[in-house]
Amino acid sequence: MLRFSLQRVASALLTAFVVVSATFFIVRLVPGDPATAMAPPNARPAQIERVREYLGLDRPLHEQYALYLQRVAALDLGTSIRTNQPVLSDLTARIPASIELGAAAFVLEILIAIPIGILAAVRRGSRLDLLTRLTSSTVVGLPVFWVSLMFIWIFAFLMGLFPLGGRLDLQTDLESVTGFVLIDSLLAGRPDITLEGLHHLALPALALALPSIAFWTRLMRGSLLEVLGEEYVRTARAKGLKWRTVVMRHGVRNAMNPMVTVFGFELVALLTGALLVEIVFAWPGVGNYIFGSLQVRDYPVVQGSVIIIALLYVGVNSLVDIAQARLDPRVLASMQRRT
Amino acid sequence: MSSSSGTQDPDSTAAAVIVLTGARGRRMRGIGAIVRSSGTIQVGLVIVLTLLGLGLLAPFLTPYSPTQIDLANVLQPPSPAHLIGTDELGRDQLTRLLYGARVSMVMGFVGVFIAASIGAAIGLIAGYFAGILDDAVMRVMDAILAFPALLLALLVVSVVGPGLVQVLIAFGIAGVPFYARLMRTMVLSIRTREYVAAAEALGASPFRIIFLHILPNAMAPLIITTTLAMGLVIVGLASLGFIGLGAQPPTPEWGAMLSGSQARFFTAPWLLLSPGLAIVLAVLGYSLVGDGLRDALDPRLRYLRV
Amino acid sequence: MNEAAPLVQVTDLSTWFHTGSGVARAVDGVSFDIVGGQTVGLIGESGCGKSVTAMSITGLIDPPGRIEPGSSIRFAGQELVGAAEEKLRRIRGRQIGMVFQEPMSSLNPVYTVGSQIAEAVRAHQDVPRKEAMDRAVEMLRLVRIADPERRVRDYPHEMSGGMRQRVMIAIALACEPKLLIADEPTTALDVTIQAQIIALLAELRDRLDMSMLLITHDLGVVSQIADHVVVMYAGRVVEQGTTTEVLAAPQHPYTEALLKSIPGVATERGQPLPVIRGSVPSPFDWPAGCRFAPRCDYVFDRCAQEPGLMVVETGLSRCWLRDPDVARDRVVSGRP
């Protein structure tokens with residue numbers, strides 16, 4: 001197990017390296033002048049020169065590469081043209097907002113999709129099952145930004161049940177300790193702000209979660225159905241276990257395995273979805289930041305952010321692999337054989 | 001074999017399809033039979049082909065031009081003159097939707113087709129000739145796979161600037177590894193079958209073997225993957241269009257038509273609903289076809305998430 | 001002669017599957033008894049309904065299958081057909097243990113074998129986990145798995161087929177049931193392992209004074225271990241009796257044909273193996289009249305009507321040839 005984990009980490013580092021290098025080469029190999037691209041739109045020649053010097057464009061390629069790698073290793077991702085702050089600190093300031101959104105969406109997904117998926121599988125052929133299958137088939141392909149727009153239109157604009165956007169009402173003042181509204185408000189002894197935060201969080205989290213809920217529900221249902229047809233489930237019943245125990249301990253437990261694999265993809269979906277949802281809901285997270293930077297052609301930000309996110313993704317996928325090996329001993333055996 | 005392999009796993013995909021396609025490389029049921037057998041596929045095909053048709057025939061279906069600005073008739077609700085109303089520059093919404101179909105459906109289709117072809121070719125060659133070539137190629141593929149498609153598109157755009165073609169190329173690059181891995185797995189499995197060994201023993205050239213024996217067997221999962229990918233590309237295009245990348249104004253694109261001031265949308269709901277419904281419909285159509293094909297060929301492929 | 005009521009009394013059991021393509025009458029009026037301490041072998045080809053019979057006894061028939069009204073299964077005096085699920089659940093595992101055919105897939109791959117045995121114990125007895133695990137080790141020892149203390153922490157995929165089947169037996173016997181139902185327990189195993197498993201079952205049966213219902217298509221297995229044999233064909237019982245007698249002098253053409261089709265030491269090389277011509281009919285569409293008639297070498301005009309179970313010296317037989325009136329007629333008319 002330990003050896004496998006180390007192997008996975010090493011493999012992840014290798015991929016990370018490839019990713020980072022690829023970014024370097026893409027910028028350099030594309031026609032046009034990278035310095036101009038990296039400088040503000042109406043930069044004076046002196047500014048462009050400074051950027052050129054910073055990027056080391058006048059030095060040989062391998063020196064540039066070394067410089068670049070050094071910077072990345074030191075987490076120096078450049079400076080935002082817009083805010084004049086290091087990209088990294090800009091990102092770190094905004095990450096909690098995105099995490100809060102993503103985490104809320106994830107919790108919603110688990111809480112809704114898994115029970116419904118289980119019920120649909122156990123009551124196969126019932127009306128609940130059919131309804132579940134129909135709705136999930138349609139919902140799963142819905143673009144997340146459109147869902148967000150629709151949600152705002154229906155629930156906020158037309159029905160006035162939810163706020164139109166933002167993390168908190170404009171007048172609300174909250175000192176930022178952890179960056180998480182829900183935690184900070186409790187720390188400040190203001191549960192009313194916590195509620196307000198939840199109120200603002202509800203709609204974007206649900207919009208972000210919706211397509212994934214549909215997907216996970218279908219996956220859970222299908223996976224559980226397949227598992228319930230296995231022989232060891234028959235054995236479990238023959239032992240005289242309660243049906244609920246059979247379903248949960250033998251059925252769901254095994255049905256989860258394929259889902260863990262897809263978990264990595266799920267994170268990507270959450271990531272890219274969050275980006276769009278933040279834009280629609282004016283949610284002050286990383287996504288919104290990248291969007292704003294794109295609009296003013298603040299490319300260093302975009303590049304830096306993309307690298308960070310890609311690296312995060314690689315890291316998470318490795319964790320998922322390790323988790324899956326832990327959950328299913330057979331996977332560990334086959335992976336060990338392969339590597 | 002059973003539960004734990006029913007996932008994003010080209011190996012089980014390959015195995016499943018091989019079981020069904022029989023020894024001589026002929027599918028056990030012709031395409032016509034498959035389509036006829038599944039209502040899901042039929043409905044999906046109707047949707048997809050209608051939208052494709054509308055996109056291709058757009059110029060003939062509407063008197064307006066999608067870029068025709070009419071500042072006197074800004075933000076008009078649906079009327080006999082403008083069946084889905086006009087947008088903030090007085091352009092006819094229906095016309096823009098139809099031309100948007102060209103962008104999403106037609107261009108999207110072309111993009112995916114090219115990506116699939118390139119990916120399949122890479123996979124075929126890597127799988128057939130194996131060895132160091134295979135290893136090197138697959139490592140590159142895995143590295144690309146490490147990037148979420150949207151992120152890759154963002155990266156590309158941040159460097160080369162926005163535009164429809166740029167975005168399509170970015171999605172293409174992001175998609176190639178999927179097709180390559182799929183093809184490669186199919187090739188590796190089929191290659192070991194007896195009739196391929198027989199052909200090789202008879203001295204058939206690699207090309208002949210690839211085209212006559214391997215390719216027909218590998219088509220099925222490739223088609224399924226491509227179909228499902230189309231849905232994703234349409235959403236991806238729309239998402240990027242929404243952010244302002246992708247197709248640039250004045251080219252109408254469904255996602256781009258949804259970006260901009262939200263307040264305007266809420267007072268002119270026809271502008272909000274129509275492009276959204278178009279996107280949803282297109283995605284639904286492709287999902288139905290893809291899912292239907294997958295169920296028809298082997299329910300075990302159910303967990304293929306592209 | 002055992003005067004007490006039989007442990008298991010199956011009377012007129014019919015289990016039908018109501019599918020979209022029709023009704024499959026997998027089990028169609030089957031009756032037999034199992035007395036305490038006795039081993040009954042249920043033989044027949046695949047498709048004759050033996051497994052469905054076994055599953056019916058423990059109430060593990062899922063829709064669209066259904067035990068038809070009019071069926072009765074009495075276990076230790078209690079009626080199982082139509083009983084509440086909770087009552088059936090308490091009997092499963094505790095009073096009736098089951099062993100299935102595919103040891104490779106009958107064990108949950110993500111739990112250790114020890115925990116799966118312990119689970120069987122704790123399903124019916126309120127016993128702390130440690131104690132249940134100790135019991136698991138004991139059971140592994142009982143089924144003759146070497147080094148049980150270490151093996152108890154193994155995962156199923158770390159064991160061979162034969163060992164897994166032993167684990168299955170351990171699970172089935174964990175609560176010391178009165179009846180063990182073994183559905184083709186050796187079919188998926190190597191021949192040498194088969195012999196070991198059968199020997200193990202025999203030994204356990206004697207030690208634990210258990211009844212056993214052994215379902216198989218293998219007459220060899222039946223001859224080794226069963227006291228009584230019930231031959232099934234096309235959803236019905238066609239012959240019953242003590243093993244030695246039935247095998248020595250079969251009273252039904254089907255049983256006779258089964259015996260003849262076993263290659264023996266005396267079978268000459270180069271001769272085609274005797275087979276039963278034709279194939280098993282579909283449960284959706286049992287033949288009218290005697291169900292074995294299309295494949296029978298002795299078929300005659302009476303066979304157009306389905307025979308009932310006739311009493312014969314060795315037990316019961318569902319064949320017109322055993323009807324005393326018919327026999328007399330044939331003698332009179334000079335037919336064999």
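**Figure 1. Chain A from end to end.** From the N terminus on, chain A runs α-α-α-α-α-α-α-α-α-α-α-α-α-α. That pattern comes from 14 helices and zero strands, where helices (H or I, at least four residues) and strands (E, at least two) are DSSP runs, numbered from the N terminus. Keep in mind that this is a predicted model: local features need pLDDT of at least 70, side-chain atom pairs count only at pLDDT 80 or more, and totals for chains, interfaces and linings use all residues. Residues are numbered from 1 along each chain as its sequence is written, while chains are lettered from A and ligands numbered from 1 in the order in which they are written. Of the 339 residues in chain A, 43% count as buried. Buried means that 20 or more other C-beta atoms lie within 10 Å of a residue's own; exposed means 12 or fewer, partly exposed is in between, and C-beta atoms are placed from the backbone. Take the contacts in chain A between residues at least 6 apart in sequence: 69% of them join residues at least 24 apart. A contact here needs two C-beta atoms, placed from the backbone, within 7 Å.

Figure 2. Look for a kink of about 40° at Leu210(A), shortly before the proline Pro211(A). The bend at a residue is the angle between axes fitted to the seven residues ending there and the seven starting there. α9(A) is also mostly covered, with 29 of its 38 residues buried.

**Figure 3. Chain B and its helix α5.** Chain B has 12 helices and zero strands. Buried residues make up 53% of its 306 residues. Zooming in on α5(B), residues 93-129, the end C-alpha atoms are 52 Å apart, which agrees with the 54 Å that 37 residues should span at 1.5 Å a residue. Since 27 of those 37 residues are buried, α5(B) is largely enclosed by the rest of the structure. Just after this helix, Ala130(B) takes a positive phi of about 50°.

**Figure 4. Where to be careful in chain B.** Chain B has a mean pLDDT of 75, and 78% of its residues reach 70 or more; pLDDT is the predictor's confidence in each residue, from 0 to 100. Over residues 1-28 of chain B the pLDDT is below 50, though this stretch has 68 contacts in the model beyond near neighbours in sequence. Residues 299-306 of chain B are also below 50, with 27 such contacts. Where pLDDT is low, the predicted coordinates should not be read in detail.

**Figure 5. A covered strand in chain C.** Five of the five residues of β3(C), residues 39-43, are buried, so this strand is largely enclosed by the rest of the structure. On one side sit Thr39(C), Gly41(C) and Ile43(C), and on the other Val40(C) and Leu42(C), all of them buried. β3(C) pairs in the parallel sense with β9(C), residues 211-216, over five bridges, and two strands pair if DSSP finds at least two bridges between them. Thr39(C) stands opposite Met212(C) in β9(C). β3(C) also pairs in the parallel sense with β10(C), residues 228-233, over four bridges. There, Val231(C) is the bridge partner of Ile43(C).

Figure 6. Most residues other than glycine have a negative phi, and most peptide bonds are trans. The peptide bond from Pro63(C) to Pro64(C), however, is cis, with omega near 10°. Pro64(C) is in the loop between α1 (50-57) and β4 (65-67) of chain C. Arg144(C) has a positive phi near 65°, and it lies in the loop between α4 (129-142) and α5 (148-151) of chain C. Is Glu176(C) buried or exposed? With 11 C-beta neighbours inside 10 Å, Glu176(C) counts as exposed. Its phi is positive too, at about 50°.

Notes:
The expected span of a helix is 1.5 Å times one less than its number of residues.
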